[in-house]
Amino acid sequence: MRIYIVSDLEGVAGVYKWEDTEDDHPENHEERCRQRRWLAEEVNAAARGFFDGGATDVWVLDGHGTGYTIDIELVEPRVRILHGTQHPAYCVGLDENCAALGSIGTHAKAETYGANMYHTGTEAVRGEWLNGISVGETGRQAFLAGHYGVPFVFCAGDAWACKEMDELVPGCVTVPVKAGMSRLSAKTLVPAKACGLIYEGARESMNRIGSIEPLRLEPPIVCRREFYQPTFDPENPPAVGRVIDSHTQETEATDMPALLFKAYGHDPDWQPFWKQHPNSGNYQI
Ligand SMILES: [Zn+2]
């Protein structure tokens, strides 16, 4: 029984401001190293909870930034990490072979005043809607999982991100590990406390598989994105999608994978190597 986890950094206990990849001061380097360790510890806590709840396989997408944030030396040996600076697809490996989807380090969607570091993709985005339903990054992932019949069962992160997923997927287990004081400050649990609660929550979420319905949308799926600044010129529309006004674009597709391929410019025919070669199962780790 495989559990798929999407990890991010902004919702990890102890992280309160944007990662600054330009700052090369030793203090910043040391802070980023610590944050990568905290993320690895939260990955471990969740994975141990899932394994103790009955999972046999835990895959973790290193979902923050360029895709190489988790300090893998510290990760529980049974976990498999999906990482790399190339992103040939959205949530690679998430498919009908997974029993459930969860998220750790989860931040709230754009315009969530009260949450620490709320955003949807980038700070430029004011909002995103799938067939009229407001979603953030984690909601979008839950709808992708739903396409494969996979339920979203677990969310750890900012308290407002937990509220968001609780409303979108009633019955999922949520573990708030911090609450925003402002967009760039937070009241947080310390890592030891956060990890204890994440372990308990992940283990409990295994009991919800089977009772939580996968999120599904009726085709066609229309993704509407609004930007704070005028971004689109109706006279020169982008190659994909239609311009509603200078702030707003809509993309339409028959299902969630097709939508995400379109929205992120991926090759729709791309498959990981293990799916391309019929006998690659012999060469898996
Ligand atoms: Zn992130």
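## Zinc site

The donor residues of the zinc ion follow the spacing D-x1-E-x53-H in sequence, donors being N, O and S atoms within 2.8 Å of the metal (3.2 Å for Na, K and Ca), with water not among the atoms, so sites may look incomplete. D8 (OD), E10 (OE) and H64 (ND1) coordinate the ion at 2.0 to 2.3 Å. E10, in the loop between β1 (2–7) and α1, and H64, in the loop between β2 (57–62) and β3 (79–82), are 54 residues apart and link distant parts of the chain. Both E10 and H64 are buried (under 20% relative accessible area, 1.4 Å probe, protein chains only).

## Basis of the model

This is a predicted model, in which local features need pLDDT of at least 70 and side-chain atom pairs count only at pLDDT 80 or more, while totals for chains, interfaces and linings use all residues. Numbering runs from 1 along each chain as its sequence is written, and side-chain values use heavy atoms, leaving out hydrogens and water.

E137 lies in helix α2 (residues 137–147); helices are DSSP runs (H or I, at least four residues) and strands are E runs of at least two, numbered from the N terminus. E137 is buried but has no salt bridge, and R140, the nearest side chain of opposite charge, is 5.8 Å away. A salt bridge requires a side-chain nitrogen of Lys or Arg within 4 Å of a carboxyl oxygen of Asp or Glu; Lys and Arg count as positive, Asp and Glu as negative, and His and the chain ends are not counted.

Leaving aside residues up to four places away in sequence, E137 touches D8, Y90, H107, H119, T120 and G121 (heavy atoms within 4.5 Å). A polar atom of the E137 side chain lies 2.7 Å from the backbone nitrogen of G121.

Definitions and conventions. Buried < 20%, exposed > 50% of the residue type's maximum accessible area, 1.4 Å probe, protein only. Polar contact = N/O pair within 3.5 Å; in protein donor to acceptor, adjacent residues only side chain to side chain.
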